[in-house]
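Hi,

Here is the structure I promised to pass on. Have a look at it first, and then read my notes below.

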Amino acid sequence: MSPHVLVLGGTTEARALAGELSARPGTRVTTSLAGRVRRPGAVAGELRVGGFGGAQGLADWLREQRVDAVVDATHPFAQAITANAARAASETGLPLVVLRRPGWQPGPGDRWHPVPSLDAAADLLPRLGHRVLLTTGRLGLAVFAHLTDLRFVVRAVEPPESPVPPHTHVLLARGPFTVADETALLREHRVDVLVTKDSGGAATAAKLTAARDLGLPVVVVRRPPLPDGVTAVEDVPTVLRRLDTLARP
């Protein structure tokens, strides 16, 4: 019987993994997307969109579809999905591989302010600046809505959900971005503080270089912890090797 791998996707790495698995003769791969982006990019193999109904719903689906292994390649901040995947894999006895790109690390000249959450970022902002570039995605902006004295530039792939801060300029854009582009953006909007999540990867890292070159403080929201007993690998080749190991008799 052909092995069936479920990839919980939504990242560049998930798309690359699906392509590698689909190219393997006899391997069936299904990529599942949460459905938060209305126009997802092309994905090799089968595609399903939407939630499973929590950990139990995912476990039921894994059984119904006769899945052999689960790869969680979601965004590093998709904490609920990762927790559900861990519980469902444990219930069904299936192997789970978690793929997380490495996080960003500060270098010489960086003025980073690590915080544990968006709420903590909102609390810190008034002490750091008044013109904010907010690149934390379109969800969760309600925690900044009370900051009526600040001016926000919110960059997201799709329009943000309300409520948002009253003085907000929305930029719809998808990376990758160059350092020159990010520097021009920060200067054009006279940004004096950047807020970002520690997503990792190169596609959106140019803003960090631009902020460092301009001497701007950066509020970095740290990643949530993985579920107890779960560890992550950092790249697609390692996932493939792990799956090969699991497939051996």
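**Helix α1 and its buried face**

Let me start with helix α1, residues 12-22, where Glu 13, Ala 14, Leu 17, Ala 18 and Leu 21 are buried. Looking down the axis of α1, you'll find these buried residues within an arc of 135 degrees, so they line one face of the helix. The general rule behind this is that an α-helix has 3.6 residues a turn, so residues three or four places apart point the same way. Do keep in mind that this is a predicted model.

Now for how α5 and α6 meet. The axes of α5 (residues 179-188) and α6 (residues 206-213) come within 8 Å, crossing at roughly 55 degrees. Angles from 65 to 115 degrees would count as roughly perpendicular and those under 35 as roughly parallel; α5 and α6 are therefore oblique to each other. The crossing of α5 past α6 is right-handed. On the α5 side, the contact is made by Val 179, Glu 182, Thr 183 and Leu 186. From α6 come Ala 206, Lys 207, Thr 209, Ala 210, Ala 211 and Asp 213.

**The nonpolar cores**

The largest nonpolar core has 19 residues, and Leu 125, Phe 144, Phe 152 and Val 219 have the most contacts inside it. Which elements give two or more residues to this core? They are α4 (118-124), β7 (131-135), β8 (151-156), β10 (193-197) and β11 (217-221). α4 gives the most, with four residues.

Setting aside neighbours within four places in sequence, Phe 144 is in contact with Leu 118, Ala 121, Ala 122, Leu 125, Leu 134, Phe 152 and Pro 165. There is also another core, lying apart from this one, with 18 residues, including Val 29, Val 43, Ala 73 and Val 239.

Cheers

Note on methods: Residues numbered from 1 in each chain as written. Predicted model: local features only at pLDDT ≥ 70, side-chain atom pairs only at ≥ 80, totals over all residues. Heavy atoms only, no water. Core = buried A, V, L, I, M, F, W, Y, C linked by side-chain atoms within 4.5 Å. Buried < 20%, exposed > 50% of the residue type's maximum accessible area, 1.4 Å probe, protein only. Contact = heavy atoms within 4.5 Å. Arc of directions from axis to C-beta. Axes fitted to C-alpha atoms, helices over the stretch in contact; angles between N-to-C directions. Parallel < 35°, antiparallel > 145°, perpendicular 65-115°, else oblique. Left-handed = near helix turned anticlockwise from the far one by under 90°.
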